[in-house]
Structures are given as structure tokens and as C-alpha cells.
Amino acid sequence: MNIPDKQKKILTLLADGEFHSGTNLADALSISRSAVWKQINGLADLGLAHSAVSGKGYRLDKSLELLLASKINEAVSEQAGALISSIEIHDQIDSTNSYLVERAQQNAPSGTVCFAEHQTAGKGRRGRQWISPYGSNIYLSILWRFQQGPAAISGLSLAIGVAVIRALKQHQIHDIGLKWPNDIYSQGKKLGGILVEVSGETDGPCSAVIGLGLNLFVPKNQAHSINQAWTDLSKITGQSRLFRNKLAGTLLSYLLPIIDEYEGVGIKAHLDEWRDYDCLNGKSATLFIGQQRFDGHVRGVDDNGMLLIESQDGSMQTFASGEVSFNS
Ligand code: BTN
């Protein structure tokens with residue numbers, strides 16, 4: 001889906017993060033200054049913050065590197081490139097995951113990749129909303145078809161976490177952790193999340209839409225909507241320029257091979273590495289499953305990627321799903 005031409009044009013001009021006068025923007029778009037003002041005000045609907053200074057004009061609070069298929073492709077490895085059927089980049093979409101779930105039903109091929117600059121109904125786990133301001137973070141989904149049923153790909157989201165950490169390391173971003181089951185964490189705060197939606201017959205085949213949201217720069221006007229401790233790569237690295245296209249390409253380079261081989265190797269092939277990144281192990285925590293809660297110390301994951309919690313009486317319980325919260 002595209003945003004209106006004028007809005008896209010204004011965003012492309014403002015993407016440099018510099019001031020642009022109302023007159024220059026009006027000339028560039030062949031519209032009146034009051035129409036420019038209207039366009040600028042509409043940027044808030046995309047989750048973008050801007051400032052207006054008299055005598056200087058308008059500027060975005062943060063420069064943007066808009067996604068470009070050619071730039072993403074430049075950063076995709078040959079191995080991953082061979083696994084991609086197509087890369088779609090949408091200016092605006094409800095949710096890249098919902099879109100690919102729909103495309104899967106319409107027989108879209110395995111390896112269909114979808115990025116969005118802005119999601120109007122980005123989905124998190126457990127029905128939560130995923131805040132998705134325009135051009136600021138990475139919102140990515142990949143459709144993959146598997147020959148076997150859903151049981152054969154259980155634990156896939158853990159392996160996806162490993163791929164994301166490998167990609168970040170390639171960009172010299174270290175010390176990132178994984179919080180069971182699907183969170184990417186840094187210093188006790190959420191940096192990203194993974195949402196895998198599987199459909200298919202028990203005996204196979206099945207298809208999965210693998211969604212990744214990774215915070216690069218969360219505009220300050222969006223921060224209040226996130227109801228958990230969060231961070232972004234610009235905070236972690238102290239850099240404002242983050243080469244979004246390159247990172248998008250690197251992510252695909254690590255994600256696709258892991259997804260492609262998963263059915264053959266399963267979670268066991270990735271568990272040692274996953275355990276290296278486990279930021280819950282040894283911590284006192286509470287696991288919530290619906291209304292039920294389980295308190296104890298996290299003792300890592302078992303050989304199937306299930307969470308182990310040791311209760312106060314020393315007994316060990318294994319969990320396949322749930323939401324963990326750290327106890328301070
Ligand atoms: C979570 O931690 O709750 C999972 C977040 C997953 C967000 C991503 S953004 C791209 C893809 N499209 C969505 O609607 N959700 C996932």
C-alpha cells in the first residue's frame with residue numbers, strides 16, 4: 001500500500017533531518033504553503049515528530065533512511081538471495097504479518113518477504129499492539145512453507161532470535177540477549193520481538209509467517225504508547241545513523257538460511273548458541289499463563305527449547321508457552 005504522493009514527496013524531502021522552508025516545500029510539491037502545513041501536520045498520524053521554527057521552516061526530529069529494495073538487495077548474501085521469491089516494501093500496511101498470512105492463503109510462494117515503513121495495526125504477541133512509526137524501525141515478515149506439520153517447526157522463534165543476534169553482531173552490535181520465548185533484549189529492556197504465525201494440517205504441510213519488529217529509533221512522541229521497558233539501537237550504539245537498508249539486508253542474510261534448514265535440523269542445532277544469549281537464566285522471575293502465575297528461578301531451556309523454572313521447593317517445571325517477567 002502507498003501513502004499519498006504528496007505525503008511521500010514531503011517525507012523524502014524531510015528525510016535528511018534538515019530544516020526546509022514552507023516556501024521551498026510548497027514550490028517542490030507545487031502546492032500552497034497552507035497545504036504544506038496540512039501535510040506536515042499529517043506526519044503525526046504516521047508516528048513522526050517534527051519541529052517548526054519560524055524563519056527556518058520544518059524539520060523531522062530525526063533523519064530517516066527510507067527503505068529501498070536495491071539497497072536491501074546489495075546487503076543480502078547470495079545464499080539468502082537464492083531463497084527469496086520477492087521482496088515487497090509497503091509505505092503503509094495494517095500489519096506485515098497479517099498481509100502475508102492473507103497472501104499465503106492466496107498461494108504466495110515460500111520466500112515472500114515483506115517490509116513496511118509504517119504499520120497501522122502492527123501485532124505483538126498476546127494481542128498486543130506493536131508501535132510502528134514511519135521509517136523509524138524495522139517491520140519485517142517472511143512467508144515460508146514447510147513440508148511437515150506445525151510440530152516439526154516448534155521452537156522456530158528461538159532459532160529466529162539466534163539469527164537476529166548474529167545479524168546484529170555483523171553490525172558490531174554486541175551484548176544483545178534473548179528473553180524466552182520471543183524477545184530481543186538489551187540491559188533489561190526490550191529491543192525487538194518475534195511473532196510466528198503458523199497454519200496448516202497437523203500432518204503437514206504447514207506455512208509460517210515469521211514477523212520481526214526491531215527498534216532502531218523510536219520517536220519520542222511514540223514512546224509513551226509502549227507499555228513495557230524498551231530500548232532501541234540508537235540508544236544502545238549511541239549512533240543516530242543506523243543504515244536501515246543494510247541492516248535489513250543483513251537480517252535477511254541470517255534469517256533465511258536458518259528458516260530454510262530448520263525443518264531438517266530443528267531447535268537442537270541452535271540451542272547451545274541460544275543459551276549463550278539467554279538473559280533470563282538464573283533470574284528470579286514469574287511466568288504468567290493466562291490467569292495462572294508460577295514463581296521461581298529460571299533454569300534455562302530444555303533440549304526442546306521449553307522454559308525450565310525451579311520453584312522454591314526445588315521442583316522443576318517445564319513450560320511451552322507463557323509470558324515471563326523479571327522479579328527485581
Ligand atoms: C512481540 O514481541 O510481541 C512480537 C512483535 C512482532 C512485531 C512484528 S513487526 C513486523 C510483524 N508484523 C506485525 O504485525 N508484527 C510483527
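**View 1. Glu197 and Lys123 pair up across the chain.** Glu197 counts as partly exposed, at 24% relative accessibility. Like everything shown in these views, that value comes from a predicted model. The partner here is Lys123, with the closest N and O atoms of the salt bridge 3.0 Å apart. Glu197 belongs to strand E8, while Lys123 lies in the loop between strand E4 (112-119) and E5, so the pair ties together parts that are 74 residues apart in sequence. Lys123 is partly exposed too, with a relative accessible area of 31%. As a bit of background, side chains of opposite charge can pair when their charged atoms come close.

**View 2. The ligand and the residues around it.** Which residues come nearest to the ligand? Out of the 20 around it, they are Ser95, Gln119, Lys123, Arg125 and Lys190. Zoom in on the polar atoms and you'll find a polar side-chain atom of Lys190 lying 2.5 Å from a ligand oxygen. On the nitrogen side, a ligand nitrogen atom is 3.5 Å from a polar backbone atom of Asn97. How much of the ligand does the protein cover? It covers 99% of the 410 Å² of accessible area that the ligand has on its own.

**View 3. Where the ligand shell comes from.** Four elements each supply at least two residues of the shell: helix H6 (96-105), strand E5 (138-146), strand E8 (189-200) and strand E9 (206-214). Strand E8 gives the largest share, with four residues. Sorted by class, the shell around the ligand holds 10 polar, six nonpolar and four charged residues.

**View 4. Helix H7, mostly under cover.** Does H7 have the length you'd expect, or what do its ends say? The 15 residues of H7 (residues 156-170) should span 21 Å at 1.5 Å a residue, and the end C-alpha atoms are 21 Å apart, which agrees. The helix is mostly covered, with 12 of its 15 residues buried. Among the buried ones are Leu156, Leu158, Ile160, Val162, Val164, Ile165 and Leu168. Ser157 and Gly161 are buried as well. After H7 comes Gln172, whose phi is positive, near 60°.

**View 5. Asp303 meets Arg275.** These two side chains form a salt bridge, at 3.3 Å from N to O. The pair links distant parts of the chain, 28 residues apart: Asp303 is in the loop between strand E11 (292-301) and strand E12 (307-310), and Arg275 is in helix H11 (residues 268-277). Asp303 counts as partly exposed at 47% relative accessibility. Arg275 is also partly exposed, with a relative accessible area of 31%.

**View 6. Glu310 and Arg299 bridge two strands.** The closest N and O atoms of this salt bridge are 2.6 Å apart. Glu310 sits in strand E12 and Arg299 in strand E11, so the pair ties together parts that are 11 residues apart in sequence. Both ends are partly exposed: Glu310 has 23% relative accessibility, and Arg299 has 36%.

**View 7. A salt-bridge network.** Arg125, Arg126, Arg128 and Glu323 are linked in a network of salt bridges. Across the whole structure, a search finds 14 salt bridges.

Methods: Residues are numbered from 1 along each chain as its sequence is written. This is a predicted model: local features need pLDDT of at least 70, side-chain atom pairs count only at pLDDT 80 or more; totals for chains, interfaces and linings use all residues. Side-chain values use heavy atoms; hydrogens and water are left out. The expected span of a helix is 1.5 Å times one less than its number of residues. Buried means under 20% relative accessible area, exposed over 50%, partly exposed in between (1.4 Å probe, protein chains only). A residue is near a molecule or strand if one of its heavy atoms lies within 4 Å of it. A polar contact is a pair of N or O atoms within 3.5 Å; within protein, one must be able to donate a hydrogen and the other to accept it, and residues adjacent in sequence count only if both atoms are side-chain atoms. Accessible areas come from the Shrake-Rupley method with a 1.4 Å probe; for residues, only the protein chains shown count as cover. Ala, Val, Leu, Ile, Met, Phe, Trp, Tyr, Cys and Pro count as nonpolar, Asp, Glu, Lys and Arg as charged, and the others, Gly among them, as polar. A salt bridge is a side-chain nitrogen of Lys or Arg within 4 Å of a carboxyl oxygen of Asp or Glu.
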